[in-house]
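Me: I am new to this structure and would like to learn how to read its features one at a time. Could you give me the general idea in each case, and then the example?

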Amino acid sequence: MDFELDGEQQAILDSVDVLLSLRAGPERAIALAAKGELDHDLARALREAGFLSLATEVGPLEAALLVERAARAAAVLDVGARALVAPALLREVPDVPVALVHADGRGPVRHAAFAGVLLVADGAVARLVRVEPGSLAPVRSGYGDPLGFVPEALRRSGEALGAGSGERLLRWWRLALALELSGASTAALATTVAYLKQRRQFGRAIGSFQAVQHRLARCAIRTEASRWLALEAAHHGAPGERVAVAAAHAADTAAQVFRETHQLSGAIGFTREHDLHVFSMRLQSLRLELGGSTAHARAITAERWAEGAP
Amino acid sequence: MSLDLAFSSEQLAVGEAVAGFCRERVGGAPPAGDCPADWWQGLAELGVLELASPEAEGGALEATAAFEELGAVAFPGPVVEALIGGQVLRREERAAVARGALRVSVGTHDLAPFVPGCEVQLEVSGQSLFRAPLAAGFESLSSLDAEPVARGVRTREERLERSRAGLDLGRLLLAAYLVGAARRVVALAADHARTRTQFGRPIGDFQAVAHPLADVYIGVASAETLTHAAACEWDERRDEGEGPSPGLAAAAWLAAREAALEACHVAHQVMGAQGMTLEGPLYPLSRRIRQRASHAIGTATARESMVARLDARVGESLG
């Protein structure tokens, strides 16, 4: 067991970080959200650098590291779906945005308005639906990621990807979600700590008060655990129980981080001048995706304690 | 080296050896009170009592693998304390601890667990460990699970040099022990819920039972992951000749403590009166979890370490 990155992993991560620091970040996320746009420039840059094909060319753990880092940088892009989920199901990774859809879902779908490929989880199978990018109706969103509407007919159409593909799609989707939640939670917490260190009250930095520190420490423990749980699941190839544990933990952590960071930052956290909302609003939508922590917990029960489970 | 998140074969072998020993000696329910002398000798022969010390081949990961198994059977006695001794005591004392000939107590300013019976008596105060033997004429008390505790007046002889390393390893091993115990507690409750029928179906079918069990399972899994990450960090820094970094072991200890206590709470709810019988299997585990969760190492300094880590992290990422 080794929780340190090796030379190659560190090199990949360093160049991912450099690229993201130049081309993503909260300021850009705010500008894109105002236009309801997807970050096509970032997608091009990531593809040219080879990062979108990490899963097939290096491994799922490296792709997972990318997804977590992109979420920390508030990338407005389908990195999780394209770099981690699609490679687990398709022989060729699509060059167009990918949206993940639940056949029984009714609500708007992340990134669907820009997607060229829909991966639909429909019971036992997953289906691949090709659509003209930009053909699906956009839905206005206050959560940072652009949304789109996927009509019922499309949710039931497309090419089936074979036995077991439905379950495989859900597993990798859960993993991507856990990584995105963990990255956004980490960033929300870091933004808050930085603010509390400079903001003064009673002649001291707010962050120096013990009551504040304890609350931050609890959030820090949870975000740290979320990240390792998700990376561990990626390392093991996204087994059902591990991804459900990672996603449930990350969703519960997100709820706590949302509550605490906004309580501790006060009203400024909600303003557009402060970066916190970029991450916290994302947490609110991501933590409910795929049914939220209740559904993830139910998946754990099924994997762990069902008839015939180990 | 690479990011590799599974136990190596050596670590698995240590875990299996300890598990085999526990199966053979402890069997079903562990006894209340202190560790029988022959069990202690058995641990020494297995090499468990010297893990992670400067002389040992195995580091914190091997120790973690071993302590998860000890926790799973609620193994009695000052085992965590022995390995703390392996960090802070003098060379010849460390050798005696490894042989099982010298036992170490780690307590608060006036309470010393496992005394009499421990020749070396240490006191925790903040982030420091003192050699502080109890004066003669102490009062013998009994704790929740009949482990002996002495109350009396200590004389501080010296502050031990590697206090931080000792406390950090202590937090890490307490976490591993609690994770092992909590996993077993959750498994017992789940088995009960699966097999016990009420109103014609297993009670585990009921959302009201399944959901809290899944919740505590998540808590235990996350504490386990933090424990492994902390053990890796410990070994990494030891190889590079650095002292322990603050934070990760503290996070593991706080998370494991909370998860294990919550696991006990839920398991007792699920198992009802069956969970309260002395013969077990639940009660001996939950009793010892409570005992270990109130270890003298405490939670206040662990939270401080966690904040220090958070501070350092933010310093890095935000320049």
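Reply: Let us begin with strands, where two of them are said to pair if DSSP finds at least two bridges between them. Please keep in mind throughout that this is a predicted model.

Me: In which sense do strand E2 and strand E6 of chain B pair, and over how many bridges?

Reply: Strands of a sheet pair through backbone hydrogen bonds, either parallel or antiparallel. In this model, strand E2 (residues 111-113) and strand E6 (residues 148-151) of chain B are antiparallel and share 3 bridges, and B:Ala112 is found opposite B:Ala150 of E6(B). E6(B) is also joined by 4 bridges to strand E5 (residues 139-142) of chain B, again in an antiparallel arrangement, with B:Glu139 facing B:Arg151 of E6(B).

Me: What lies between E5(B) and E6(B) in their hairpin?

Reply: There are 5 residues between the strands of that hairpin, and B:Ala146 has a positive phi near 65 degrees there.

Me: Which strands make up the open sheet of chain B, and in what order?

Reply: The order is E1-E3-E4-E7, four strands whose pairing is mixed. Strand E1 (104-107) and strand E7 (158-159) of chain B are the edges, and because each has a single partner strand, one side of each is left without a neighbour in the sheet. Strand E4 (residues 128-131) of chain B pairs with E7(B) in the antiparallel sense over 2 bridges, and B:Phe130 has B:Arg159 of E7(B) as its bridge partner.

Me: Is the peptide bond from B:Val115 to B:Pro116 cis or trans?

Reply: That bond is cis, with omega near 0 degrees, and B:Pro116 belongs to the loop between E2 and strand E3 (120-125) of chain B.

Me: How should I read the interface, and what area is buried between chain A and chain B?

Reply: The size of an interface is often given as the accessible area lost when the parts come together. Here the area buried between chain A and chain B is about 4000 Å², with 68% of it coming from carbon and sulfur atoms, and the contact involves 44 residues of chain A and 43 residues of chain B. Between the two chains there are 5 residue pairs in polar contact. On the side of chain A that touches chain B, H9(A) gives the most, with 16 residues, and the residues of that side comprise 24 nonpolar, 9 polar and 11 charged.

Me: Does the span of H9(A) agree or disagree with its 26 residues?

Reply: It agrees, because at 1.5 Å a residue H9(A) should span 38 Å, and its end C-alpha atoms are 37 Å apart. Just after H9(A), A:Gly237 has a positive phi of about 80 degrees.

Me: How many salt bridges are found across the interface of chain A and chain B?

Reply: The rule finds 1 there, in which the side chains of A:Arg218 and B:Glu258 meet at 3.2 Å, N to O. Over all chains the count is 36 salt bridges, among them one between A:Arg282 and A:Asp145, whose closest N and O atoms are 3.5 Å apart. A:Arg282 lies in helix H11 (residues 276-286) of chain A and A:Asp145 in the loop between strand E5 (138-139) and strand E6 (147-148) of chain A, so the pair ties together parts 137 residues apart in sequence.

Definitions and conventions: Residues numbered from 1 in each chain as written. Chains lettered and ligands numbered in written order. Predicted model: local features only at pLDDT ≥ 70, side-chain atom pairs only at ≥ 80, totals over all residues. Heavy atoms only, no water. Contact = heavy atoms within 4.5 Å. Buried area = accessible area lost by both parts, 1.4 Å probe. Salt bridge = Lys/Arg side-chain N within 4 Å of Asp/Glu carboxyl O. Polar contact = N/O pair within 3.5 Å; in protein donor to acceptor, adjacent residues only side chain to side chain. Nonpolar A, V, L, I, M, F, W, Y, C, P; charged D, E, K, R; others polar. Expected span 1.5 Å × (residues − 1).
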